Amino acid sequence: MPSVDQVMAEERAAAFTRRSIKTSAKLAGLKLVVSMMDLTTLEGSDTPGKIAFLCRKAMQPLDPRYQAPSCAAVCVYPNLVRIAKKFLEQSSVKIASVATAFPAGLMPTKLKLREVRGAVHDGADEIDMVISRAIFLAGEYERVFDEIAATREACGAAHLKVILETGELQTYDNVRLASEIAMRAGADFIKTSTGKISPAATMPVTLVMLEAIRDYFYETGIRIGMKPAGGIRTAKEALAYLVMVKETLGDDWLTPALFRFGASTLLNDVLMQLVKVADANYQSADYFSLP
Amino acid sequence: MSRRKPNSSQLAIVDRNGEANGRPIAKRRLDFGERWSYAPAPEANRYIKLRNRYQLFIDGRFVPPKSGDYFDSINPATEEKLAEIGSANEKDVALAVKAARRSYKNVWSKMPGRERGKYLFRIARLIQEKARELAVLETMDGGKTIKESRDIDLPLVAAHFFYYAGWADKLKYAFPGRKARPLGVAGQIIPWNFPLLMAAWKLAPALACGNTCILKPAETTSITAFHLAEIFQEAGLPDGVVNIVTGPGETGSALVNHPDIDKIAFTGSTEVGKRIASVIVGTKKKLTLELGGKAANIIFEDAPIDQAVEGIIAGIYFNQGHVCCAGSRLFVQESVFPTVIRKLRDRISTLRLGDPLDKNTDIGAINSRSQLDKICELVDSGLKQGAQLVQSRAPLPAKGYWYPPSFFTGVTASHRIAQEEIFGPVLSVMTFRTPEEAIARANNTPYGLSAGVWTDKGSKIFKIVNQLRAGVIWANTYNKFDPSSPFGGYKESGFGREGGRHGLLPYLTLS
């Protein structure tokens, strides 16, 4: 297992934020960000009414004249998958659902798997599972692997995103190791965070995971996707993530098939910037519908 | 962790990924193309006021050279003429020395350290205020990227003045129990790779210690020194405390040979350094030399590889490799050699080469035609001697002097490219098997300026660095500079230290 040097990893991550993304590059980048968005609501208070807002926004984030793409997916709790399915059936927007006892992941594996199967049965295209940090930090890596592999099987045709909850793993070496375990156990995507723990996604943590993805690709030829989630709130930050993906994994990863943002407040800031680049002036936030 | 055979569902991912991207899986190559390309992001330079002619700066005023001769300063990225620079001959140098001697005797050496410090603080603040303008000028004149002149050169220039301003009134505490006195008049000859930064490295400690200076910038990068002179005027620095004479090698030679100079400080090539040393022998002049290097950057198998690759990049491609402490000899432990090479190959294809004023440019222009010729000649020798060249495929602009980021594999210690300083973006990669071999190979050079060590094991770092014969050694990082840290070489990389408390010593006599 390669080790990670904290100082140099953070320095490298900071270098991406100093790229200057202007004019046509900015416009193309912002549209790409929208198309990579997993528009997320994961509140205890989520109702079908709230999901309706979210789904409508994901399908058409902005007035058609700006030619903004639809979001990649909406991300909801399993018991709301059926509702989301109703709204999104005719659209290209995927339904992602957090299963496996989100966000703590502390529940018997059997029950977690049942939850996953239920969500897939209800129409989830993608399952965002959490690893058990308790088991990982206790050093029982085999069990972490086995649980991911079992979830992979329970997913059937659905894509599997594995949430490492990097804020609880804390060290980059842990993040690197957890990424390796997840990829080898069958993850389609690895994902930083639940959004319930601070810090959530950061540039250096995402970089360490992208580097793990790169090594896995070198070794196997398999392209694993990446999803930073939580904590990315501005268009500027999102563009810096795109720069990081482009310069770490190359152009092949600049697609919603391999890179996603897990976010909710980010979308309207991106749209606001998009309109600004297109019209050359800022609009009031009141012109952007809330998800 | 466990490694298992892929189960059937993993194989399914292979298929899915293959379909999703429409590319054959067997092609395990990253594609650093232009599917999402960065639009040009040029730093504005229309407000920059270049003078048509830059005169010599002697005794606080800009004066035409006695010879009446001027030479052109070229923007190496466009080959356009920026300005004409006055060419100083022996008479001009004599005037500069006279002014420096007078201000040393009458003003600067008599001034309390606290007052000298005030001037240096004021200069530092003015540099910060004009940092962006100076960075743009530095980039236009020398070809280095705006990213580096803005984020590295100028902040360090100001930091050096701030740092030594702080020492000016504390010299008696720097060397307890001893009396520290200035030397007198210092002649300071600086190179073209970091024009303002090298000026700061030389001037700040000399002035803090109470010496007066004659600065001789490099021929291809004189312009920013004159803008620094304007800052000295604005700061009210007494006339003659700093004088600037520009010109070719002969100007420097006149300075070195002038009898009324107490100290020569030179940064540049080992060849010229040796000549200066032989001229000065037997005179009263004190000497410090900061010369060439061929630094070993050593990567052990237990290193954090992805970060080490960043260290390789920072080591050799920083400032187009025009860095005396560049990590130009890379030693990779054989077990991780294929991994490191593969990553390095991918990494250099992400380096953006082009307009140095574009904020996204990583690799700027080569400083001069003659330096480009020297790089090409050494690369040819590497090819002739059978080493394998890997180069970035970045297209080179039609005008200007450019060299793509490159590295050689299959290099041995007997290759010229492993022995001679290339001073360009060209790395020589070699392998080793054991720590002992790494140390022996790293020390197998007439130079000894710097080195780098990459390992996750702390005890190994200390074991290795104590046996490397180099003045500056970085562990798990490379090319990091700070005014409080002394810098200088072993062996043919020179003697004397610049930076830190040590950097005061070459400008003082202790009694």
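**Exercise 1. In what order do the seven strands of the open sheet in chain B lie, and what is the pairing?**

Solution. The model is a predicted one.
- Step 1. The order of the strands in chain B is β14-β15-β16-β13-β12-β17-β18, and the pairing is mixed.
- Step 2. At the edges stand β14 (388-391) and β18 (472-475) of chain B. Each has a single partner strand, so one side of each has no neighbour in the sheet.
- Step 3. From one strand to the next, the twist averages 20 degrees.
- Step 4. Inside this order, β12 (residues 296-299) and β13 (residues 329-333) of chain B run parallel and are joined by four bridges. One pairing to locate is that of Ala296(B), whose bridge partner in β13(B) is Arg329(B).

**Exercise 2. Describe the open sheet of eight strands in chain A, and find a helix that packs on it.**

Solution.
- Step 1. The strands of chain A follow the order β7-β6-β5-β4-β3-β2-β1-β8, with parallel pairing.
- Step 2. β7 (225-227) and β8 (261-263) of chain A are the edge strands, and each pairs on one side only.
- Step 3. The twist from one strand to the next averages 25 degrees.
- Step 4. β2 (residues 73-76) and β3 (residues 94-98) of chain A pair in the parallel sense over four bridges. In β3(A), Ser97(A) is the bridge partner of Val76(A).
- Step 5. The helix α7(A) packs on the sheet and touches β4 (126-130) and β5 (159-163) of chain A. The direction of α7(A) makes about 150 degrees with that of β5(A).

**Exercise 3. Check the span of helix α5 of chain B against its number of residues, then locate its kink.**

Solution.
- Step 1. Helix α5 of chain B covers residues 146-167, which is 22 residues.
- Step 2. At 1.5 Å a residue, the helix should span 32 Å. The expected span is taken as 1.5 Å times one less than the number of residues.
- Step 3. The end C-alpha atoms are 31 Å apart, which agrees.
- Step 4. α5(B) has a kink of about 30 degrees at Asp153(B), shortly before the proline Pro155(B).
- Step 5. Of the 22 residues of α5(B), 16 are buried, so the helix is mostly covered.

**Exercise 4. How many residues of chain A are in contact with chain B, and which helix gives the largest share of that side?**

Solution.
- Step 1. In chain A, 45 residues are in contact with 37 residues of chain B.
- Step 2. Elements of chain A giving two or more residues to this side include α1 (6-16), α2 (23-35) and α7 (141-155).
- Step 3. The largest share, six residues, comes from α2(A).
- Step 4. By class, this side of chain A has 20 nonpolar, eight polar and 17 charged residues.

Methods
Residues numbered from 1 in each chain as written. Chains lettered and ligands numbered in written order. Predicted model: local features only at pLDDT ≥ 70, side-chain atom pairs only at ≥ 80, totals over all residues. Bend = angle between axes of the 7 residues up to and from the residue. Buried ≥ 20, exposed ≤ 12 C-beta atoms within 10 Å, placed from the backbone. Contact = placed C-beta atoms within 7 Å. Nonpolar A, V, L, I, M, F, W, Y, C, P; charged D, E, K, R; others polar. Pairing = 2+ DSSP bridges. Axes fitted to C-alpha atoms, helices over the stretch in contact; angles between N-to-C directions.
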